[in-house]
Amino acid sequence: MTTDTFVHRPSAPDAPVSGGPLSGLSVIIHPDLSVRDWPTDAGSKALAGFCAVFDATLISRLKGAGASIAGSASMAELGFGINGSALARILAGDDTLHAGLMTDTLGEARMAACLSGLWGFKPTWGLLSRYGLTGLVPSMEVTGILAKHPADIAKMMAAMAGPDDNDGSMCVEPPPDFSVPANAQHSDGKLFCIGVPKNMPALSETALAKAFSRAKDAIAGSGFTVKEIEFPDFQLIASTHQIIAAVEASSSAGKYDGVRYGRREDMDGNWNDMYLAFRGAAFDPLIKTFLMQGAYFQFQDYEAFENACILRRTLLSQVSALFTQVDFLALPTWDATTDPFSADTISDTYAAFSLTLAANLFGLPALHIPNLAISAENSSHDVGVQLMGPRMGDAGLLAAGQTLFHHNQGAFPS
Amino acid sequence: MNTSSNTYEAVIGLEIHVQLNAATKLFCDCPNQPGDAPNRNTCPVCLWLPGAFPKLSREALEKAVLACLSVHCTVAEESAFDQKVYYYPDLPKGYQLSQHHKPLAINGWIDIPGSKDSADQLRRLRIHHIHLEEDVAKLIHETEGRKPVSLVDFNRAGAPLIEIVTEPDMRSPYEAMEFLKKLRTHLRYTGSTECSMEKGTMRADANISLRKPGTEEMNTKVEVKNMNSIRHVGDAIAYEIQRQAECLDRGEPVTLHTRLWDPDKQVTFPMREKFAGPCVPDPSVPAIHMDAQWLETIKQRLPEMPSQKADRFMAEFGLKADDAHTMSQERDVAEFFEAVVRLGVSPLKAANWMIAHLMPGLRDRNLDLCTTRLTPERFSGLLALLDNEKINAAAAKEILFQMLEKDGSPEELTAAAGLEQVSDEAALVALADGIIAGHPSDAADFKNGNPKVVGFLMGLAMKASKGKANPKQMKEILTRQLNSL
C-alpha cells in the first residue's frame, strides 16, 4: 500500500515551536522519513502499514525551529529514483508549501527540483542525521531539500545540520556556518572560481550544450570567474555507483523478509518458502532487479564490488584535486533526453541520473539552480545548473546559489 | 579405539563465541539480559526498525579489548564492522554486524600443559584473531493447536559477543579441551565475561581435518557445533576424528560441511546449511580507531594473570605447584585467598582449608565464593578459633559450612551450635574414667599390650562428648588413665 498522493496531516503529533527561525515555513516529506505515528512505508509493500515509532532527528529539529510538517507525498519504492514521486509537483503547485525533503541517492532531490522549476540541494554526506530515515544505500543517501527560494534552504540547513548521537556515522566536525552572506567573492575579495567541464562527451549533444552555455554566461555575468577544466573519468562514475549501491541496497533491504513488517500471506512451507513468497510479492520489478543485481555482486562476484570500492576512492581523490583549482564545479542537472519520472528499468534510471550521480558517489554537496539553463528552442526544457562543492563546502555553495539568484532576478518568477 | 585413527594426524581449530558481561547491548542502551521476559529488553535499534542506527557501546569495546589483551593479542589500530549477510528468522534484518575484514585484534596465544603426564612442558597454541559481533535473536518453537509456530525473542539480539578464532594448532581432543579451560580462566580474570558453556555465555565450534603424520597439508575440514560443555567438545572431536578416519580408510572423500553434536547419542550428524553470503563493509558504524593513550589505560586495568599469580604464590608463600595452580585458576578464589593471608592466616593453612574443605563445600552446595555469605574476615576468624584450640577441626568444618549460608561471627555460630571445644582437664578425666569403667575387657586388652584399644576408646569418648572434646588432650588423658589402672 503506497501512501495517498498527498495527505495533509494538520494534527501532527507535536505542534511546531512558535517564534523559531523557521516559523511559518511549511514542509512536505516522503514517507521514508519518520514522523511518529505517521505511515512510513517508504513507498513499498514490504513496509505496508508500518507507522514510525519516533520522529526522525531532522523532523524534530525542523519542528523545534518552528517549521510545520504539512504531510507526506507518494514516492518511488524505497526512494530509488523518482518514478512515482509526487512531492516536487505538489510543492511547485501549492502556494501554502515552501519546501520539501526527499532522499537523494542518485540525485532524486535535484532532479525532481529541476523538472519542477524548484531549487534542489544535496548536502555533504554525514552533515544531516539519517536517524529516522528508511534508507537503502547508506553510504550515498542523504536527505535533500527542495525549495522555492534558496534562502529557505540555507535556513533549513542551519536548523537541521550537525552531529546527532543517534547516528554514529556523521561528520564529527561542527557544521558549516549557514549565515554566510550571498556573495561572489571570498572574504579576501578574490572572486569565486567555477569550473566547467571541457570536452565532456556527455555534454556534446547540441541542445544540451547550448542550454548549458547560457547558464555559463549567467554565471560569468554574476561576477564569478569561469574556468574550463578536465573532468576525470566521468564515464566510470555510473557503473561504480551502481555496483556499490546495488550491493548496499541488497544488504539493507534484507530486513524486508516478512518476519517483521508487511503483510504475510498465510501459507504452508518452511522459512525459505516464506522469504521467497514475501519478497516476491513485496517488491516491484525495478527495486527487485536492483536487489538481484546487488545479490549477484555479493554472492557471485564480490571482487567486482571490491574493485568498485577502490575505484570510488581513486575517483574521489581525482575530483577532490579539482577543488584546489576551482571553488565549485558546474554541470547541467538533466541531460534533457531522458525522462526520470518514467524510468522503470535500472539502465533507464541510471541514464536519467547520469549527471547527478557523482555527488552521491563522492558524498559531496551539490545545488541545483533552476531557470538559468533553459533551452532557447524549448522553454519547458530547463536542464539546470548543478554546482558541486568540496566536502563540507555546503554553506559557500548555498551562498553562491543565492548570489546567482540575486544577479539573475529576471530569470526567476517573483 | 580403532587403530585406523592412529595412522592420521588430526588438525583442529576452534571458533569460540563469548558473551561479554557489559551492562548494555553492543549497539544500543538496552540491558544485556537475554534471560528476562521475552522481548522486554528491546528498542528500535535492536529490533532493527527502519531508520534506527547502531551506536557502538564503549563499555563493550573496553571489555573486548581487555579480553584480547589477556590472551596476548595485538589490538588493531583500526578495526571496522561488516554486514555478514544471511537469511534466517533469528536475524530479521538480513545481516549480522561483525568484524570480518578488519578484526579488533590479531596474533594471540595461550600456553597449555604439553600432555596429561608432563604438565610442566608447555605447548603454545596460537590465536589467529578476535573480533566483536552482535548476537542474534532467539527462536522459540512451539505449537498453536496442531500448527507449529516459531516465536522470536529479541532480548538476545544485539548482545555483545567476541569471537576467538584459533590457528589450526591443536592435534587432539585433549589439547582443544585444555585450550578452552585456559581461555576461560584468562577471560574470566579480566572480569569481562562469565564464560560458561553450560549457560551459553561461551560457545565453541571445532574445525577438524585429518592428514598423514609428518605432512603439512591442510585437508577438507568439517565444522562441528552444538557442544555445551568442554567435555562435549572433547567427545565430539574424538568422534569426528574417528568418523573421518573411517571415511578415509574406506576411500571416501571428506566433504566440506557442518555437523551437530548429539550429546545423548554421542554422535555428530550433518546439519542443514544456512544460506550465507559474504561480508560487506557497514557504512553506518564508524571504524574503531585505537587511541594509543586509551589503550594504555586499558592495559593498566589488566589484572595479574593466573600463571603469573601461581608463580608468585609458590615464591612468596611457599605453596606447592598443584596448590598454587588451584589457588590461582579463578580470580575470586585467588583474591579471597590473598585477603585471608593478609588477615594473618598462614598461607599454607589457608590454602589447605580452602582446597580441602571450602571449595568442595561450595561445589556440593552449588555456590560460588562471590554468592556466599562467607568473607575473608569470617574465614580467618574461624581458622583463628581452630589455632587457639577453641574448636576442633570437625567443629570448624561444620561452622564453615554454616557460614556459607548464615550470618554471624564464627564465635557466635560456634556458641549457638554448642561446638566449643572442651579442654577442661577435670571434665575430660571424668569422661575418660567413665568410658574405661564401661569397657573393662578393652582396658584389660590394653594392659596386655594392645595399644589399638586407645583408638577405639577415643572414638567412644569423642562420640560421648558430641565431638567437642579437645582430641589431642583427650587422647593424652585416656592413655594416662589406662596406664594408671
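This is a predicted model: local features need pLDDT of at least 70, side-chain atom pairs count only at pLDDT 80 or more; totals for chains, interfaces and linings use all residues.
**Note on the chain A–chain B contact and helix packing in chain B**

1. The contact between the chains takes 31 residues from chain A and 24 residues from chain B. On the side of chain A that touches chain B, the elements giving two or more residues are α6 (237-252), α7 (271-282) and α8 (285-299) of chain A, and α6(A) gives the most, with three residues. Sorted by class, that side of chain A has 14 nonpolar, eleven polar and six charged residues.

2. From α5(B) the contact draws on B:P306, B:K309, B:A310, B:F313 and B:M314, and from α6(B) on B:A321, B:A324, B:H325, B:M327 and B:S328. By class this contact of α5(B) with α6(B) has seven nonpolar, two polar and one charged residues.

3. Not counting residues up to four places away in sequence, B:G318 touches B:P347 and B:L348. The C-alpha atom of B:G318 is separated by 20 Å from that of B:D387, which is 69 residues away along the chain.

4. Helix α7 (residues 331-342) of chain B meets helix α9 (residues 376-387) of chain B, with axes that come within 9 Å and cross at roughly 55°. At that angle α7(B) and α9(B) are therefore oblique to each other, and their crossing is right-handed. The contact is formed by B:F336, B:A339 and B:V340 on the α7(B) side and by B:P376, B:F379 and B:S380 on the α9(B) side. Its composition by class is five nonpolar, one polar and no charged residues.

5. A residue of α9(B) that deserves a separate comment is B:L386. With 20 other C-beta atoms within 10 Å, B:L386 is buried; since the cut-off for that class is 20 or more, the assignment rests on a count that stands at the limit itself. Leaving aside neighbours within four places in sequence, B:L386 is in contact with B:I391, B:A393 and B:A396. The C-alpha atoms of B:L386 and B:Q421 are separated by 9.4 Å, although these residues are 35 residues apart along the chain.

6. In helix α10 (residues 393-405) of chain B, the buried residues are B:A395, B:A396, B:I399, B:L400, B:Q402 and B:M403. These residues cover an arc of only 165° around the axis, and so they are on the same side of α10(B). The buried residues of α10(B) pack against α8 (347-364), α9 and α11 (410-417) of chain B.

7. Further along chain B, helix α13 (residues 440-447) and helix α14 (residues 452-464) have axes that come within 8 Å and cross at roughly 150°. That makes α13(B) roughly antiparallel to α14(B), and α13(B) passes α14(B) in a left-handed crossing. B:D442, B:D445 and B:F446 of α13(B) make the contact with B:V453, B:F456 and B:L457 of α14(B). By class, this contact has four nonpolar, no polar and two charged residues.

8. B:N39 has a positive phi of about 60° although it is not a glycine; B:N39 lies in the loop between β1 (9-19) and α1 (58-70) of chain B, and with 14 C-beta neighbours inside 10 Å it counts as partly exposed. B:N226 likewise is not a glycine, yet has a positive phi of about 75°. B:N226 lies in strand β12 (residues 222-227) of chain B and counts as partly exposed, with 17 C-beta neighbours inside 10 Å.

Terms used
Residues are numbered from 1 along each chain as its sequence is written. Chains are lettered from A and ligands numbered from 1 in the order in which they are written. Axes are lines fitted to C-alpha atoms, for helices over the stretch in contact, and angles run from 0 to 180 degrees between N-to-C directions. Helices (H or I, at least four residues) and strands (E, at least two) are DSSP runs, numbered from the N terminus. Angles under 35 degrees count as roughly parallel, over 145 as roughly antiparallel, 65 to 115 as roughly perpendicular and the rest as oblique. A crossing is left-handed if the near helix is turned anticlockwise from the far one by less than a right angle, and right-handed if clockwise. Two residues are in contact if their C-beta atoms, placed from the backbone, lie within 7 Å. Ala, Val, Leu, Ile, Met, Phe, Trp, Tyr, Cys and Pro count as nonpolar, Asp, Glu, Lys and Arg as charged, and the others, Gly among them, as polar. A residue is buried if 20 or more other C-beta atoms lie within 10 Å of its own, exposed if 12 or fewer, and partly exposed in between; C-beta atoms are placed from the backbone. The arc is that of the directions from the helix axis to the C-beta atoms.
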